[in-house]
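Have the picture open beside you as you read.

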Amino acid sequence: MIFAMDSSVEWLLFLVVFLSISISSSSADRIGIPRGAAVLKKHHLPSKRAFSGDLHTYFYTQTLDHFDYKPESYAIFQQRYVINYKYWGGGAVTAPIFVCLGAEQALETDLQTIGFLDINAARFNALIVYIEHRYYGESVPYGSREEAFRNAYRMGYLNSAQALADYAEIMADIKNNLQASHSPVIVIGASYGGMLASWFRLKYPHLALGALASSAPVLYFDNITPSDAFYSIITKSFRETSESCYQTIRRSWSVIDSYASQPWGLSVLSSKFRTCYPLNSASELKKELESIYVVASQFNQPAYLVNRVCAAIDETQTDDILFKIFAAVVAFNGNNRCYINPPTPESQTVTGWKWQTCSEMVIPIGVGENTMFQPNPFDLNTFINDCIRTYGVAPRPHWITSYYGGNDFNFILQKFGSNIIFSNGLRDPFSAGGVLEHISKSIQAVTTTYGSHFLDLFPKSGNDPEWLTKQRNIELRIIKGWLVTYYADLKAFQKG
């Protein structure tokens, strides 16, 4: 089954293909908590032409450790950021600055996927800034990726608090260099980057007037959100799309296990799914199938990936369940020489995110009984032991809520927070850990019933549904309100 795709849909189809999903209790699987950020396959990364035209690339000499005064803390590295001056009104008129906070991928990915800044900067006369997250892309300490990820001593500087301090230094430097001390900053981020945006507003309110946090699962820590909520939303998306598709996927796992239990079973499965290498276990196949269903749900629109997968399953005329599932694999990936277990080296994103989830970003996602997947509850002790075996350090599962908040989040932010937009599409499985209701007049939730993972930040398309346009307009209206209030307060302050 072959589907025609235009170029805008094609690159979206390859988003987040390196997701590592928990299937078994092995170390390699357990530390692979699903990632939310958009990650392109290596051979689909945008070319250097992304830096042409109005985009100007800079490197800031960044401090390795912002929170200690040991001699080694003063080591430096070059952190990359990009500025677009095209729409900016200038510091003299205190025109605003829109800053995209990079997450667990190279800067190029944000330039291609986060269209919100470029689309809306003109109406605000805003400066556009994209900052790359430390340890990703070209912003790597110790001279190379290999050296930066050599051991836990060096990876220890890869964490959210250090990243926020990086952003603070760069923003302050940009404002100083452009003589824009009173230009208000709006920070914007998606998924993990959305969490960073909301946390930046809370930790650095003197630098950021407000934050747009898209698909930010800030409540998916410390058992605040049920661990099985992620896979429950995926199941709901598939079941609402097609009951027969849902039932076929649900039954397929036992069929795979039945084949794998036979002496010749793995060989047959390898043939049926046209694997790139012979399968070593059933879990190897199931892990990749699960990744397809997760990505299809998480990034369902604008390519309608769940519909694409289910159409392939439902329209394949056979009683062979695995042949139906293979049709879904082809529909999702397009025509390839082989499909399962391709020879793909571990990306910088996967390497870095594995460390982050084994240190502070402990998102307890497990598979419950009532989903279309095989049950696999999250077990914290197993997770901790796997991380210790892998890195020699234990994760800190309570640190995020201690440092940024989470427990009694609504009450605390109502008292002490302001100017944050939490946007979520309810078809996105990460929305389970998002803020879905207004906290106060200035901390608002903007949700869409059919939206997927940070869809509101994607580049505009002529095919955008009305509800997506409405969501974006609500966000812009809120941001405009922040700016109007800010300029009025600034004017009153300067007069006084």
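Start at arginine 154, whose charged end sits over the ring of tyrosine 142, 4.4 Å from the ring's centre. To count as sitting over a ring, NZ of Lys or CZ of Arg has to be within 6 Å of the ring centre and within 35 degrees of the ring normal. Lysine 203 does this too: its charged end sits over the ring of tyrosine 403, 3.9 Å from the centre.

A quick word on what you're looking at: this is a predicted model, where local features need pLDDT of at least 70, side-chain atom pairs count only at pLDDT 80 or more, and totals for chains, interfaces and linings use all residues. Residues are numbered from 1 along each chain as its sequence is written, and side-chain values use heavy atoms, with hydrogens and water left out.

Now for rings meeting rings. The structure holds 26 aromatic pairs. Rings of Phe, Tyr and Trp (its six-membered ring) pair if their centres lie within 6.5 Å; planes under 30 degrees apart count as stacked, over 60 as edge-to-face, and the rest as tilted. Take tryptophan 199 and tyrosine 404: their ring centres are 3.9 Å apart and their planes are at 5°, so this pair is stacked. The two partners are 205 residues apart, with tryptophan 199 in helix H8 (residues 192-203) and tyrosine 404 in helix H17 (residues 399-404). Helices (H or I, at least four residues) and strands (E, at least two) are DSSP runs, numbered from the N terminus. Tryptophan 199 and tyrosine 404 are both buried, where buried means under 20% relative accessible area, exposed over 50%, and partly exposed in between (1.4 Å probe, protein chains only).

How are the rings of phenylalanine 326 and tyrosine 339 arranged? Their centres are 5.5 Å apart and their planes are at 85°, so you get an edge-to-face pair. Phenylalanine 326 belongs to helix H14 (residues 321-333), while tyrosine 339 sits in the loop between H14 and helix H15 (348-357), 13 residues apart. Phenylalanine 326 counts as buried at 11% relative accessibility, and tyrosine 339 is buried as well, at 8%. If you'd like to see rings gather in a group, find Phe230, Tyr231, Phe238, Trp253, Tyr293, Phe373 and Phe430, which ring pairs link into a cluster.

On to the cysteines. There are three disulfides in the structure, a disulfide being a pair of cysteine sulfur atoms within 2.5 Å. One of them joins cysteine 245 and cysteine 310, with the sulfur atoms 2.2 Å apart. Cysteine 245 lies in helix H10 (residues 243-260) and cysteine 310 in helix H13 (residues 305-315), so the link ties together parts 65 residues apart in sequence. With -70° about the S-S bond, this link is left-handed. Cysteine 245 is buried at 0% relative accessibility, and cysteine 310 is buried at 2%.

Another disulfide connects cysteine 276 to cysteine 338, S to S 2.0 Å. The torsion about its S-S bond is about 95°, so it's right-handed. Cysteine 276 and cysteine 338 are both buried.

That leaves cysteine 358 and cysteine 387, whose sulfur atoms are 1.9 Å apart. Here the torsion about the S-S bond is about -80°, so the disulfide is left-handed. Count the bonded cysteines along the chain, and the disulfides follow the pattern 1-3, 2-4, 5-6.
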